[in-house]
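I set out to look up the pockets of this structure and one of its helices. My entries follow the display.

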Amino acid sequence: MNHKFGIALAALALSCSALAQTKWDLPTAYPPSNFHTENLAQFVSDVDKATAGKLKITLHSNAALFKAPEIKRAVQGGQAQMGEILLVNFQNEWQVFGVDGIPFLADSYDAAWKLYQAQKPVLAKKLAEQGIVLLYTVAWPPQGIFINKPINAAADLKGVKWRAYSPATARIAELVGAQPVTVQQAELSQAMATGVVESYMSSGSTGYDTKTYEYLKHFYDMQAWLPKNAVLVNKKAFDALDKPTQEALLKAGAEAEKRGWATSKTKTQEYLDLLKKNGMTIHEPSAQLKADMKKVGETMIKEWTEKAGAEGQAVLDAYRKM
């Protein structure tokens, strides 16, 4: 009798400790070596420490659990309790998601941070309406043009097979007469190897992660925009945590945001140096190319403001006042 009672007690203790531990999934579309993913890994470890193992988050990198366009919906629907997305990918759903993908609106880290502060209140409100908590964001390094030939003006991009990964990058292709091809980052190396993609705009970070230097030999450092990744939490999952665990999660998120922005900034030059070391030529864009792309930016700011309406205008006004 006592023996059985002891087993029952042990089983009960086990199930209680299993109940006390909450397990979450965190999908991201980027490889483990990417600085965003490394930052997430640090965040996961911080949460584990701060909650004494009560909240266990499993990081799934490289689009292994969900592909990039599916992650937001997965968090919204609770198939994943957390997820990392590139905000500009969701501009068609709501224009303000894409404000940091407009060329030459915010073209430095300071400007990008100000734009985030202007965007944040409406961004958090919109996500809350969708059952999502905005935990933190981190900007990518400034975007430039990777291409298979030297260029001097936007006219040189005519007919070039151009990777589009967001509504804004597709629109740039249309405005310069390039051919947009939709390719997610996980498939980019393959697309370049097979000639499906001859050019694209992204950061030095993406260029290095995807070994772009093996296929395209030129990078034009346009510093065109700094898009942000956002780390999202399912609101029901968040609300189900006890108060100390919620606070530990929010604190680790705030630290990850600070660390991520600082890392992004220091890595900008590092990535360009790595590309150069691997045989890529880094170009300062010509005055003509700069002027042409600035014109593209002006058109896109105008189009974006028309589509985004009063809400978008309010974000731009707040940003310009900062």
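Which helix gives the most to the lining of the second largest pocket? I found that helix 10 does, with four residues. I worked from a predicted model, in which local features need pLDDT of at least 70 and side-chain atom pairs count only at pLDDT 80 or more, while totals for chains, interfaces and linings use all residues. Residues are numbered from 1 along each chain as its sequence is written, and side-chain values use heavy atoms, without hydrogens and water.

**Terms.** A pocket is an open set of points on a 1 Å grid over the protein atoms alone, where a 1.4 Å probe fits, with protein on both sides within 12 Å along at least five of seven lines; lining residues have an atom within 4 Å of a point. Volume is the space filled by probe spheres set on the points, which are joined across faces, edges and corners. Helices are DSSP runs (H or I, at least four residues), numbered from the N terminus.

**Second largest pocket.** I noted a volume of about 180 Å³. Its lining includes Gln91, Pro167, Arg171, Met300 and Trp304. Helix 5 (167-176) and helix 10 (287-321) are the elements that give two or more residues to this lining.

**Largest pocket.** I read about 220 Å³ of space here. Of its 19 lining residues, Tyr30, Ala68, Arg163, Gln184 and Gln185 lie nearest the centre.
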